[in-house]
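Subject: Structure handover

Hello,

Here is the structure I promised to pass on to you.

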Amino acid sequence: METDIQESRDIEIDLLLEAVFRKYGHDFRDYIRVHVKRRIDHRMRVSGCNHISEMQHRILYDRRFFETFLQDFSINVTELFRDPSFYLAVRREVAPVLKTHPHIKIWHAGCATGEEVYSMAILLREEGLSQKARIYATDYHPAVVQQARAGIYPIDMMKEYTGNYQKSGGRRSFADYYRADYDSVIFDRSLRDGVIFADHNLVTDGVFGDMHMIVCRNVLIYFNRNLQHRVIRLFIDSLLPGGFLCLGKKESLRFTGCDHLFETVSDSEKIFKKRLFDSGDRIRRDQ
Amino acid sequence: MKYEAVVIGGSAGGLDALEIILTALPADFPGAVATVIHISPDSDNYMIGYLDRRCRVTVKEAEDKEMIQPGRVYMAPPNYHLLINSDRSLMLSAEPRVNYSRPAVDPLFETAADAVGPRLIGVLLSGANQDGSRGLRRIQENGGLTIVQSPETTRAPQMVQAARAACSVDHVLSPEAIGTLINRLFG
Ligand SMILES: C[S@@+](CC[C@H](N)C(=O)[O-])C[C@H]1O[C@@H](n2cnc3c(N)ncnc32)[C@H](O)[C@@H]1O
């Protein structure tokens with residue numbers, strides 16, 4: 001494509017994102033550009049819009065159309081016990097520390113349809129931690145939070161998930177945690193005791209205080225460096241000193257400018273620990 | 001120099017052809033190379049280490065947000081799509097499978113075509129599906145050079161056949177000849 005056309009398209013995308021932000025409050029302006037373009041291209045193809053400006057018009061005047069657009073941006077691909085080795089590392093490296101606290105608070109940020117949350121709830125139960133744990137499960141996309149709350153998943157995934165569970169160090173019968181209902185399974189209601197589901201946008205909403213652990217996996221990869229930095233700061237402010245931060249397998253703190261504020265617990269599983277109070281940092285931040 | 005980067009895609013049989021192409025490149029190869037070969041979600045990094053030892057250029061797994069550099073080959077990890085931003089940084093994406101595959105060739109080719117335009121070379125190799133056609137066409141539309149492996153040298157010709165139906169590719173060559181041509185174009 002000629003650079004001139006490319007430039008015009010970039011302007012159209014800027015204006016579209018600005019329109020979405022001003023009208024609906026969802027801020028995608030600092031998402032990775034190539035990702036934004038792909039999602040927009042995809043929606044243009046399926047909706048038959050010929051120009052981005054045409055799509056902008058529909059988004060502004062048709063809320064239902066905006067909702068499909070929001071759905072496009074929320075890449076909510078997830079699994080139960082996704083990356084089993086991560087959960088194994090949580091059992092081995094994190095659970096023993098959590099056991100030393102009288103109560104624990106865990107935040108799943110960008111929990112999508114909740115598979116990650118039920119995985120953690122199962123792990124906590126097996127580690128004898130569920131009585132004293134409170135989990136906050138959040139995502140910016142209301143429809144997926146609702147699905148997370150329901151905890152109903154397609155039955156044909158269960159074979160794979162059972163394998164994941166076993167690889168994650170689970171030694172019970174995975175089928176004890178859910179009940180089959182036609183082509184779905186429903187996870188045991190009691191796993192949700194102590195779980196609070198809520199809408200929360202990492203770009204525009206505030207701190208969840210006094211967390212012992214934040215799990216935010218496969219969300220930051222969609223953000224540019226600037227936004228990654230801002231969200232990591234939000235996590236730092238939400239974590240207790242010594243609290244754990246868990247990122248996705250392919251994510252790192254390397255480009256966030258915040259890596260000095262964490263120790264690495266597991267490099268391969270991307271588990272980090274907020275350093276104990278760093279007064280120098282606090283002073284720098286207050287300025 | 002006319003070209004800046006090469007993107008290479010393949011599936012069944014693609015890895016063998018990729019090895020032949022990459023071993024033809026000199027240590028000071030002045031282009032960056034990004035590749036997607038279909039691999040199963042739980043495969044390990046064995047291939048990357050193997051290719052890195054065999055090649056004079058550096059072969060590594062693509063990391064999210066790293067900038068592409070000349071003389072380096074970036075391979076998509078299992079279970080993530082590999083994309084290129086216009087600022088030449090790489091992005092890994094867990095968006096759903098494309099053409100039943102993740103990583104898939106089309107996302108890499110399409111984003112590279114938009115980012116690098118006429119300074120891009122796209123190479124499609126052996127494979128038994130249709131992934132990569134759309135991307136190769138986009139590379140051509142944006143002024144880049146398109147190359148496919150000659151069907152008789154592939155283990156599975158469907159991928160290159162689909163691409164030839166989708167656009168009029170510039171070169172149809174054996175892996176050895178592709179290596180030679182790329183060297184000449186960057187020489
Ligand atoms: C790929 S899913 C990750 C799900 C799960 N954490 C996992 O790793 O399996 C990414 C999720 O991030 C959510 N997300 C994207 N931007 C967000 C934001 N600004 N605030 C909160 N959640 C966001 C999306 O809605 C989506 O559900």
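Helices (H or I, at least four residues) and strands (E, at least two) are DSSP runs, numbered from the N terminus.

Two points on conventions. This is a predicted model, in which local features need pLDDT of at least 70 and side-chain atom pairs count only at pLDDT 80 or more, while totals for chains, interfaces and linings use all residues. Residues are numbered from 1 along each chain as its sequence is written, chains are lettered from A and ligands numbered from 1 in the order in which they are written, and side-chain values use heavy atoms, with hydrogens and water left out.

Strands of chain A

Two strands count as paired if DSSP finds at least two bridges between them. Strand 7 of chain A runs parallel to strand 1 (residues 104-109) of chain A, with 3 bridges joining them; here A:Met213 has A:Ile106 opposite. Strand 7 of chain A also pairs with strand 8 (residues 239-247) of chain A, again in the parallel sense, over 5 bridges. On that side the bridge partner of A:Met213 is A:Phe244.

With helix 9 (residues 225-238) of chain A, strands 7 and 8 of chain A form a right-handed β-α-β unit. (Right-handed: with the strands pointing away from the viewer, the path from the first strand over the helix to the second runs clockwise.)

There is an antiparallel pair too: strand 9 (residues 262-266) and strand 10 (residues 271-274) of chain A, held by 4 bridges. A:Phe262 sits opposite A:Lys274 there. Their hairpin has 4 residues between the strands, and A:Lys270 takes a positive phi near 60 degrees in it.

Cavity and pockets

On a 1 Å grid over the protein atoms alone, a cavity is a set of points where a 1.4 Å probe fits but cannot get out; a pocket is an open set with protein on both sides within 12 Å along at least five of seven lines, and lining residues have an atom within 4 Å of a point. Points are joined across faces, edges and corners, and a volume is the space filled by probe spheres set on them.

Because domain 1 (2-73) and domain 2 (84-274) of chain A both contribute to the lining, the largest cavity lies between them; the domain bounds come from an automatic or database assignment.

The largest pocket holds about 940 Å³. Of its 29 lining residues, A:Glu79, A:Asp83, B:Pro41, B:Asp42 and B:Asn79 are closest to the centre. Helix 8 of chain A gives the largest share of this lining, 5 residues.

The second largest pocket comes to about 400 Å³. Among its 25 lining residues, A:Arg38, A:Arg39, A:Arg45, B:Glu95 and B:Glu110 lie nearest the centre. Helix 2 of chain A supplies the largest share, 9 residues.

Best wishes
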